[in-house]
Amino acid sequence: MRYFLLITLLSSTALACAVSDNDYPLQKVADGIYFHQGIHEDASEENIGAIANVGFVVGNKCVAIIDSGGSYREGQHLHKALREVTDVPVCYVINTHVHPDHILGNAAFTDENPAFVGHEKLPAALAAREEHFARNFAESLGDAYTGTQFIAADTLVSPEKPLSLDLGGRELILNAYPTAHTDHDLTVFDPQTQTLWTGDLLFRERIPALDGSINGWIDTLKKLQSNDYKAIIPGHGPAAIGKDADWDKLLAYLTTVREEVRMQINDLGTLEQATTTVGLSERQNWELFEQYHRRNVTAAFVELEWE
Amino acid sequence: MLGRILTIIGISLGLMLTVQPVYAATPDEPMWPILKEIHFEGKDIRENADDLIALDAPKRAEDAAIVPITIKLLQPQTVDKYVKNLHLVIDNNPEPYSANFHLSPEITDVEIGTRVRVDQYTDMRVIAEMNDGSMHMVSKYVKASGGCSAPAGKDAEAALARLGKMQIRMRQPTLGEPVQAQVIVSHPNYSGLQYDQKNRKYINSHYVNKIDVEYNDKTLLSVDAGISISEDPSLRFNFVPTEKGVLKARVVDSKAMEFSADKQI
């Protein structure tokens, strides 16, 4: 019996981790819109860092990559998968924010000389984290990391000033936001199909990672939620096509954390007390809760201390 | 020269390899012997001083930029025998010598909390220097989370906008009873390692380097701090107010800017 369990365990892990050269499936969300869905794990050599949703939009003249992958290797897979769909050249690589699962594949597209597009604060965010990322991800990604370069955006988008990109017969509208999930979040909207790429402003299934402002994130989510979209591609988890994207689930998590952290602060509780008591009712709602929840509480605490 | 460096690297690699599997039993990492030479030259340091000091730090740093730690002294401070300095060293940080908490018998039961940056997997150690000059150490291994959070701030602009704001957070105490207080100052605590893309240069280091806490003009606690302390430095401590008065905290940063706050008790 014990053996059986072990084998089941091993084989399910192997399945979940399998991303080989021939196994980088794309999902088609709408006409000309494709993405690869990341798995809910920490980045590793086995999963080549392919833990976030990354993909592209195809126009008549240009392709825009939207997030390039969690490693150089994933960027290569994405590039190859793109070439099985179309021969149209890549004019833009859009990074929705600085996190490694979204940007480490950038170098896999440099041979097409694309413009790298991001929030105006993305280059500074990258510069501040680059050394730390290089050290940690070279190690955790192993071979998949080889070839990775840190390429900062050269085409920048400011809040309140949407940028329009012409892909040829198709326009993308990029919006930059005030501090929310990070201090440099960007969304990509395709008016033609009413599809929104949220970057990590929306997490589904996988626990969100707060690296900006909990107050700002809640505000931004409420605004995004009030718009109508036909399809939504979140930063993590399945796309929502013609149905609700679970905005409320993420909002519930963030507001629960915020209220309980505020209670701790008002009661002169310490950061340590908050991380062990806040938000535990949300445990069953999220994948990787144990790995990231306490960090979210920490980030919320040090922000809300200054309210 | 190169050969010599290679030999040293070789030796340290060898040390790492032999030491790694038995971490729990042997907290000494390669950096420590060098750090000991630099900061405690020629001093005898008693290790595993668990009878005197308790260092509470998470095994895994949830957020590398904000790792809460608590240092507790297990023996009361008396006029005859007391810890006068608590040195905090985080071996693998860019600036390992992280803080010196100057103590006196003014506080009998010492419990201090602060928040630090942990750059990578590291030993963290507290060395208690007694009034008789003897040194006692405890250490703890901390795994930095390799995830998205770098030891950089989350919202640099917001942090800068409220620079210098201070809070003293505590309950209204009963005289003669211990009370916990927290001094917190909003400060980006720039390490000098952060890059300003707009101006294409490293942001000059700008951090809190001194926190003094007084009660009725008597120093309770005084801290020399460095860039290992998290953004918005926080200092938590216990003390026993025996008479009504004013708790005062003064903060000086590396650009000689001064901030202060006080609280009537």
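Helices (H or I, at least four residues) and strands (E, at least two) are DSSP runs, numbered from the N terminus. By this assignment, chain A has 8 helices and 13 strands. The model is predicted: local features need pLDDT of at least 70, side-chain atom pairs count only at pLDDT 80 or more, and totals for chains, interfaces and linings use all residues. Residues are numbered from 1 along each chain as its sequence is written, and chains are lettered from A and ligands numbered from 1 in the order in which they are written.

The overall dimensions of chain A were examined next. The radius of gyration is taken over C-alpha atoms, and the globule rule is 2.2 Å times the number of residues to the power 0.38. For 307 residues, a compact globule would have a value near 19 Å; chain A has 19 Å, which agrees. Its C-alpha trace spans about 60 × 55 × 40 Å along the principal axes.

Burial was counted from C-beta atoms placed from the backbone: a residue is buried if 20 or more others lie within 10 Å of its own, exposed if 12 or fewer, and partly exposed in between. In chain A, 53% of the 307 residues count as buried. Two residues are in contact if their C-beta atoms, placed from the backbone, lie within 7 Å. Of the contacts in chain A between residues at least 6 apart in sequence, 69% join residues at least 24 apart.

A nonpolar core is a set of buried Ala, Val, Leu, Ile, Met, Phe, Trp, Tyr and Cys residues joined through C-beta atoms within 7 Å. The largest one holds 144 residues, of which Ala64(A) and Ile65(A) touch the most other members. Helix α4 (residues 122-141) of chain A gives the largest share of this core, 9 residues. Beyond its neighbours within four places in sequence, Ile65(A) contacts Phe56(A), Val90(A), Tyr92(A), Val93(A), Ile94(A) and Phe109(A).

In chain B, 6 strands form an open antiparallel sheet, in the order β2-β4-β7-β16-β11-β10. Strands pair if DSSP finds at least two bridges between them. At the edges stand β2 (53-56) and β10 (166-170) of chain B, each with a single partner strand, so one side of each lacks a neighbour in the sheet. Antiparallel β10(B) and β11 (residues 179-185) of chain B are joined by 5 bridges. Arg169(B) stands opposite Gln182(B) in β11(B).

The two chains also meet: 28 residues of chain B are in contact with 30 residues of chain A. On the chain B side, β7 (111-116) and β12 (195-196) are the elements that give two or more residues.
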